[in-house]
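Reader: I would like to learn how to read the strands, helices and ring pairs of a model such as this one. Could we go through them one feature at a time?

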Amino acid sequence: MKKRRSGNRSSASKSKGAAKSVAEYLAAVPEPARSTLNKVRAAIRVAAPAKATEIISYGIPAFKHNGVLVWYAAFANHCSLFPTASVIEAFQKELKGFTLSKGTIQFPTDKPLPSALIKKMVKARVAQIEGKKRR
């Protein structure tokens, strides 16, 4: 039997089956990534609208309010925040020093993104979604 490689799937998705809730996802993430994601989660919760809900989307945690605001996840060697490409582009200067791709910000498992920066990006994403809704 051939052994399948897990690739870059998130830490929690490597456990038995995909998580059905954010709490279940986080419980499956090893330390120090779990503490880092909990700090990221807390910062997002503060900046997100009160009616925003937490969901599992694409197998990872996300906050949703009139559409998905942001996703976040733990991987073997890093954690990631997925605020969309346009938000990353808008915060390019503040994100200097972090590994970036089109829609992803990577950071060490033991060092979360600055809370104030997460809050600013979430608020920008909320404004972006609200702007689309008004059209």
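Author: Let us begin with terms: helices (H or I, at least four residues) and strands (E, at least two) are DSSP runs, numbered from the N terminus, and two strands pair if DSSP finds at least two bridges between them. This is a predicted model, in which local features need pLDDT of at least 70 and side-chain atom pairs count only at pLDDT 80 or more, while totals for chains, interfaces and linings use all residues. Residues are numbered from 1 along each chain as its sequence is written, and side-chain values use heavy atoms, with hydrogens and water left out.

Reader: How many residues lie between strand 1 and strand 2 in their hairpin?

Author: There are two residues between strand 1 and strand 2, and Y58 in the turn has a positive phi of about 55°. The two strands run antiparallel and are joined by five bridges, with S57 opposite I60 in strand 2.

Reader: Which residue takes a positive phi in the hairpin of strand 2 and strand 3?

Author: That residue is N66, with a phi near 55°, in a hairpin that has three residues between the strands. Strand 2 and strand 3 pair in the antiparallel sense over three bridges, and A62 stands opposite W71 in strand 3.

Reader: How is a pair of aromatic rings described?

Author: One gives the distance of the centres and the angle of the planes. Rings of Phe, Tyr and Trp (its six-membered ring) pair if their centres lie within 6.5 Å, and planes under 30 degrees apart count as stacked, over 60 as edge-to-face and the rest as tilted. The structure holds two aromatic pairs. In the pair of Y58 and W71, the ring centres are 6.3 Å apart and the planes stand at 55°, so the pair is tilted.

Reader: Are Y58 and W71 buried or exposed?

Author: Buried means under 20% relative accessible area, exposed over 50%, and partly exposed in between (1.4 Å probe, protein chains only). Y58 counts as exposed at 76% relative accessibility, whereas W71 is buried at 16%.

Reader: Which residues of helix 2 are buried?

Author: In an α-helix there are 3.6 residues a turn, so residues three or four places apart point the same way. In helix 2 the buried residues are A33, T36, L37, V40, R41, A43, I44 and A47. Seen down the axis of helix 2, these buried residues fall within an arc of 165° (taken from the directions from the helix axis to the C-beta atoms), so they line one face of the helix. K39 and V46, on the other side of helix 2, are exposed.
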